[in-house]
Amino acid sequence: MPTSPFDPANEPLGSSNALVRDLNSKNLDIAVQKLYGTWFDRFGLERPTIAAAIDPTGLVQTAVNAKSAAERAADSASASAAAAAADGSYASTAAGLAATTSGDVFLVATANPNEFLMYENASGAAVARGPFTVAAAAVAENAKRARARVIGRVSTITYDLAGVPTVTIADPGYIYGQNNSGLPLATIAPVSEEITLGTSNGLIADMDNGPFDGQGRIIPQVANIASIAGSGWQSGNKFILLAASDAVSDRALTGAYDISHASSRLGNENSLHARTVVQGTYRIERVQAISSWIVSLGEGNIYREDQTTFRIAPLDSATIQGGRGVFANLDSGPFDEFGRIIPQIEKLPGATGWQSGEKFLLFSLGYRGTTGGPAEDREFTIQGEYSNGEAGPFDCEVAWNQRESDPLPSWDEATRTLTWSDTFMLINGSVSRVLLQAGSLVIPSGGFWVAVLDTKELDRLTTNPTLPSSAVVPKTYGAGDDRWGAEPGRYIPLFVVGLKSSYPVRFQPVIGSTAFPSSAPSGGGKPMNLLISNDGASEIRIVLPGANPETNGAVEVVYAHALNPEKGADVWRITGIYDTTRNGNTLSRVRSICNPGEIEMAIKITDKGDHIGGSAHGDEIKEYVTMLVNGVSTPMDVAGAYQADTVEFLQKSRLFEPDTTVPQSNHIATSWKRVVFSTEGVEINNRIEWLQSFQLDQCFLSMLTVLRDAANSEVLKISDKGYRAPYWEEEAVGNPDHDQIHTDTPHIKLSGPSGYAVEMEILKGWDKPNREAYISSAAQYNKIYFNFTGWEYVTEVGEVMSIKSRFRVQNSN
């Protein structure tokens, strides 16, 4: 029986017939290799070849053939053949057929150098494919170039007052083209210096002519893109990275490089700069001329989130003239041997960087008024980040150094006369006491007046200076050039006279005045300031006023020298807090409110037998300790009693690794403590710089050893309820073994039925992820603990921990 002839169209898709596979293989070869036309599949359908589908004009293949032809001609021994084929064309069809293989496309030159005839080598025969012009190739090349990608960004953009832009480029850029083995076509070098773009200026990268750096990267060049010098960025291999408009001012920027990063970065940096916290105080020592003041600046700090604190060195008795300011420059300093920024005095109009850079204005003396007139007609103003360290009505610019037998000043309402005897004063900033000679002053009638002490002629650096009685002058209280506050720092207000009242401000109590702000209330209560009682040896008692102004109840905090050689302890620390009564300088303790446990510091290193800190744990030895009473350094080894607004203790100590074979032999960290006592409570500032790395279980840098029950078998409950931020829900803590709740709260309060209340709040440094706070359930107390690091925290060499906390204790009367 005869068989039917094979018909591939009858075979289904995916047929495994060997004849179908053979036919498909031939068809695929034609579709792939044939550079023009069509072919017929096994179902009889006409299809275009791949080349015809994706390159119907043949331009792409022409460019490829031209390149191949030039390369083959370069390898030819015949120089004439190389010249003929340099542009991919041939003198005749015969030459083109000889140099190509079947399926290649080639060009034959004509009389017009920009026009060619295009042929295909079809098995040795030249088949015409139409004319070809150089313009068509140029269009193809420019189309490719226009679709290349330039990647890069501007680092910073700044504008001068006329709006002329200056840029920096800190990172390399790249030019990409397709099919380049995953690599950029070229790399563009960063630019180390600032680039100012003038009118119609462009920053250009030239792939052909560079110039290039030592790494082969293109070095961008500035050129006028509207002139011949800047040509080639439309028809050549030059790329515009950045270009400025032709506007005289406020020039717009555009280009291949991204400028949004620089704009957002500059805005963000300026926003962060504006929100940086600068802390410090200034003191006006003397107004030696209308536009020349002697000013001192204390040590300051610059705070930024997640950064180490920048410290600013003090500036003593500097002359500041009108229109000048004191600056701290984070970038260029200069810096002292302790790494602190040394403030510099510069003219305000000429200084740069304090609006857009890392320079901060601490203090400046400006003026307004008649610009061209005499200085006396100008009103001076103070600006800057620093605050007045002597501001406020009772800031102790003046302390009176009188004996009980010395007569007090007097006020005669009938004659409006203020009279005083020879009076010794301690004026802030003076090296010794100042004598104000006896005298009197008649206050003008009507309105509000202030008797002020004029310190213009006072030389604070001279020992035992004298001020004549004429230094006390009347000044108006309100507006006007004659008001007492017109020249900050020059006049110290002593006595105020109003329409129906007269009272001392920074003067001693004045006999005959209608009010005595510095005296006890009429109900016989207590002075609302601090009493410091120093035994001159090892204990200083600081008495804070109690809450009730009509009673003599007070809170006493003992700051004592703790010396325990066995544990390696030699520090000053808070050793007790008591409910106390105060009658003048006589103190009588009622009971303990806190036990003598550690308050300022206790640090536990993993696997060590004890904590570090104070006398209870040891391994802490002081290098120095200083006492400041109202900011004035006061000897701690001289017995005496003082009344003041503040007293603070500055202490530096070394911390040692516990459990070492030779005790206190491995210095692992350094501690700086500043403990400040005021009527607002007790502030603890603790700074630790780590010299070695350790894993910590606990890092208590603030605690409060509050009793649960009174000591010495007295049946009295000190604290039985607890509260913590942010919800302030009541917790029962009146019995030992109460629930010891651990949270990350920065603020805990305790109170009891006998009228006692305490609280401790963390003001700075409470930022570690595993921090925890709790009220101890131990039998001896309801101690408040703040663990600043939590468990398994590893310190780093050079790491700085800086915290601030405050606690208040309220007694029952």
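I began with strand β10 (residues 173–176), which 3 bridges join to β11, the two running antiparallel. For my own use: strands are DSSP runs of E, at least two residues long, and helices are runs of H or I of at least four residues, numbered from the N terminus. Two strands pair if DSSP finds at least two bridges between them. I looked up tyrosine 174 and found threonine 187 as its bridge partner in β11.

I noted the ground rules next. The model is predicted, so local features need pLDDT of at least 70 and side-chain atom pairs pLDDT 80 or more, while totals for chains, interfaces and linings use all residues. Residues are numbered from 1 along each chain as its sequence is written, and side-chain values use heavy atoms, without hydrogens and water.

Back to the sheet. I read an open sheet of 3 strands, ordered β7-β10-β11, with antiparallel pairing. Its edge strands are β7 (149–151) and β11 (186–188), each pairing on one side only. Neighbouring strands here are turned by 20 degrees against each other on average, direction ignored. The axes behind that angle are lines fitted to C-alpha atoms.

I then turned to another open sheet. I counted 4 bridges from β13 (residues 201–206) to β14. Glycine 202 stands opposite alanine 223 in β14.

Next, aspartate 316. I placed it in strand β22 (residues 315–321). Is aspartate 316 buried or exposed? Aspartate 316 counts as exposed, because its relative accessibility is 62% (buried is under 20%, exposed over 50%, partly exposed in between; 1.4 Å probe, protein chains only). Leaving out residues up to four places away in sequence, aspartate 316 touches Val295 and Ser296 (contact means heavy atoms within 4.5 Å). Serine 296 is 20 residues from aspartate 316 in sequence, yet 4.6 Å away in space, C-alpha to C-alpha.

I also checked phenylalanine 43. This residue lies in the loop between β1 (38–40) and β2 (46–48). Phenylalanine 43 is partly exposed, at 39% relative accessible area.

Last, the whole protein. I recorded 8 helices and 59 strands. Buried residues make up 43% of the 813 residues. Of contacts between residues at least 6 apart in sequence, 57% join residues at least 24 apart.

Notes. Axes are lines fitted to C-alpha atoms, for helices over the stretch in contact, and angles run from 0 to 180 degrees between N-to-C directions.
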